[in-house]
Amino acid sequence: MMRQSSLVVVANRLPLDDNVAPDGACEWRRNPGGLASALHSILRQAPATWVGWAGGAGPPRPLPDIGTLRLRSVALTEDELRGYYEGFANSTLWPLYHDAVEPPLFDRGWWETYLVVNRRFAEAAAEVAEQGAAVWVQDYHLQLVPEMLRQMRPDLLIGFFMHVPFPPPELFMQLPRRAELLRGMLGADLVGFQRPQAAHNIAQLATKLLGAQANDRTITLGGRTTRTGAFPVSIDVAEMQALAARPDVVAHARELRGLLGQPRRILLSVDRLDYTKGIEHRLTAYRELLRDGLVKVRDTVLVQVAVPSRERVESYRTLRDRIEGEVGRINGEYGRVGEPAIHYLIQPFDRAELAALYQTADVMVVTPLRDGMNLVAKEFVAAREDGSGALVLSEFAGAADELNDAFLVNPHDVEGLKDTLLRAMEAEPADLATRMERMRAHLRSHDIMAWARDYLSTLDHTGRLAERLARRA
Ligand code: ADP
Ligand code: F6P
C-alpha cells in the first residue's frame, strides 16, 4: 500500500532523470517542455505525490522520493504508448488544439487506449490521495481523469489545468468523442486555462454539446458547478535571475559571443522541435532578409536551438527533415567559410547554458503559430538583468497577453515578420530598456509561485493548500 498525500499532482510525465543512480539517488530531469519546467519549481520542496509516466514502455519502476515529493509511476505498454501518447494525445488533440496547423488524425483504436490509460492514471491518483485531498490533474493527455476520479473518490477536491490552448467550438466540434472529453474535464471543481478566451470556448461548448448552463466563470451540469478561469503559467523568475547573475554564466555568455565571431547582432530561437513553433516561417523570413541584403552574414547570426521531441511521430520526423534541409540550403547559399548564416543546434542544454545563450542574444525570436503560453519568452526576459535585448513575440503565444512590450508579430505574415525582425534589430537602446523593464516588472509579480498560489487558492477557498505550498518555497 502506497503512502498517501494531501496534495496529488497527476501529469503525463514524471520529471524524473532516466538514470536513477545505483545508490537510488535521483536527480530532477528538466524535461524540455513547459509543464515539467513549471511544476518542477513549485513541487521540488512540497509534501506531495506526483503521479506520472516515467518514460519508455514496460512494467512500473519503483521510484525514490525527491526530497519531500513522492513519485508514483504509471506504466505504459508499447501499444499504449502508440495509441494514447503518440496517437490520441499527440496526433489528434495536439494538432487540433493548435489551430490544426497540422491536420489532426482520427483513429478509433486510439480513443479506446486513451480511455484505458486515463482510467489507470485516475486509479493511481485515487490510491495515493488521502481522505479529502486535493488532486491537480494536468493537460490534454488526461482530460478524462477528473470525471473518472470523481466517480471513484467523491471526497476529493479536483483541479484540472490545461497547459495548451483550448480551441474554439468550430475546431473542437471535429472531435469524434467531443462530448465525453468535455464531460471528463467538467468532473473537476476548477478548470484552469492559460487565456480567458479558452474559458469562453468551453462555456459555449458545454452549452451546445451538453445542454449545460454556462458563462465564462461557471458551468453547471447535472446539479454540479465547475468553475473556470484563466491562470497564465509562469517561470521561476528568481532561479533564472540567479543563474544569469552567476559569474561563470556571465563569462560564458561573453565567450559565446566570441565563438560566434563577435557579430554586431545575435538572433536566438529556442524551441522544442514542433510544427507549432513556427520554425519554418522564421527560416523563410530570415532567408529572404539575407537574399535581399537587409541582413548580412558578416554582422548578424541566427542561433536556432531545437530539442528533438515526439520523435516517432511521423509529422515530427518530416518536420525535422524539412527544417534541416532548409538550414542546409540557407547556410550553403549565404554562409561564408567559418561564418555560417545559421548556427543550428539540435540538442538539450542545461539551465546555465540556456541562461548564457539568453544573455548573449540581442534579439530573441519567439514566433510560434500557436502556443499555450511559451515559457522561453519569459525565461529570456528574466535573464536580461541589464535591461538590454529585444523580444520578438508571436501574438499567438499566451505570453503575448502579458509581455505586450515585446515586438508583437503575426508569424503567418512573412512580410510582417521580416519588418518586425528589422525593427527589433534596429531599435534604440533606450526604447529597448523601457520595454524590458516593464516586462521584467510584470514577471517579478507574476512568477510560478504566484501562479500556483492563485490557482490553488481558487480551488480551495480555505487557502490551506496555497499556504502549505508557500511555506515550502
Ligand atoms: P513547450 O511546453 O511547448 O515545450 P515552452 O516554451 O513553454 O514550450 O517550454 C519549453 C521549456 O523547455 C522551457 O523551460 C525551455 O527552457 C526548455 N527547453 C527548450 N529547449 C530546450 C533545450 N534545447 N534544452 C533544454 N531545455 C530546453
Ligand atoms: O506544454 C505542452 C506539453 O505537452 C507538456 O505537457 C509537455 O511538458 C511538453 O509539451 C513536452 O511534450 P512531451 O511531454 O510530449 O515531450
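These legends describe close-up views of a predicted model.

**View 1. Ligand 2 and the residues around it.**
Thirteen is the count to remember here: ligand 2 has 13 residues around it. Which of them come nearest? They are R13, Y85, D139, Y140 and R310. By class, the shell holds five nonpolar, four polar and four charged residues. Two helices take part: α1 (34-43) and α2 (78-97) each supply at least two residues of this shell.

How much of ligand 2 does the protein cover? On its own, the ligand has 380 Å² of accessible area, and the protein covers 90% of that.

**View 2. The open sheet of six strands.**
Follow the strands across in the order β12-β11-β10-β13-β14-β15. Their pairing is parallel. Which strands stand at the edges? They are β12 (342-346) and β15 (407-409). Each has a single partner strand, so one side of each is left without a neighbour in the sheet. From one strand to the next, the twist averages 20°.

**View 3. Strands β10 and β11 side by side.**
Strand β10 covers residues 265-272, and strand β11 covers residues 300-307. The two run parallel, and eight bridges join them. Strands of a sheet pair through backbone hydrogen bonds, either parallel or antiparallel.

**View 4. The open sheet of nine strands.**
The order here is β3-β2-β1-β4-β5-β6-β9-β8-β7. The pairing is mixed. At the edges are β3 (70-73) and β7 (213-214), and each pairs on one side only.

**View 5. Strands β1 and β2.**
Strand β1 (residues 5-13) pairs with strand β2 (residues 49-53) in the parallel sense. How many bridges link them? There are four. V10 stands opposite V51 in β2.

**View 6. Strand β9 and its two partners.**
Strand β9 (residues 224-230) has β6 and β8 on either side in the strand order. With β6 (residues 190-193), the pairing is parallel, over four bridges. Here L190 stands opposite R227 in β9. With β8 (residues 218-221), is the run parallel or antiparallel? The two strands run antiparallel, again with four bridges. On this side, L221 stands opposite R224 in β9.

**View 7. The hairpin of β8 and β9.**
Two residues lie between the strands of this hairpin. Look for G222, which takes a positive phi near 55°.

Notes:
Residues are numbered from 1 along each chain as its sequence is written. Chains are lettered from A and ligands numbered from 1 in the order in which they are written. This is a predicted model: local features need pLDDT of at least 70, side-chain atom pairs count only at pLDDT 80 or more; totals for chains, interfaces and linings use all residues. Side-chain values use heavy atoms; hydrogens and water are left out. A residue is near a molecule or strand if one of its heavy atoms lies within 4 Å of it. Accessible areas come from the Shrake-Rupley method with a 1.4 Å probe; for residues, only the protein chains shown count as cover. Ala, Val, Leu, Ile, Met, Phe, Trp, Tyr, Cys and Pro count as nonpolar, Asp, Glu, Lys and Arg as charged, and the others, Gly among them, as polar. Two strands pair if DSSP finds at least two bridges between them. Axes are lines fitted to C-alpha atoms, for helices over the stretch in contact, and angles run from 0 to 180 degrees between N-to-C directions.
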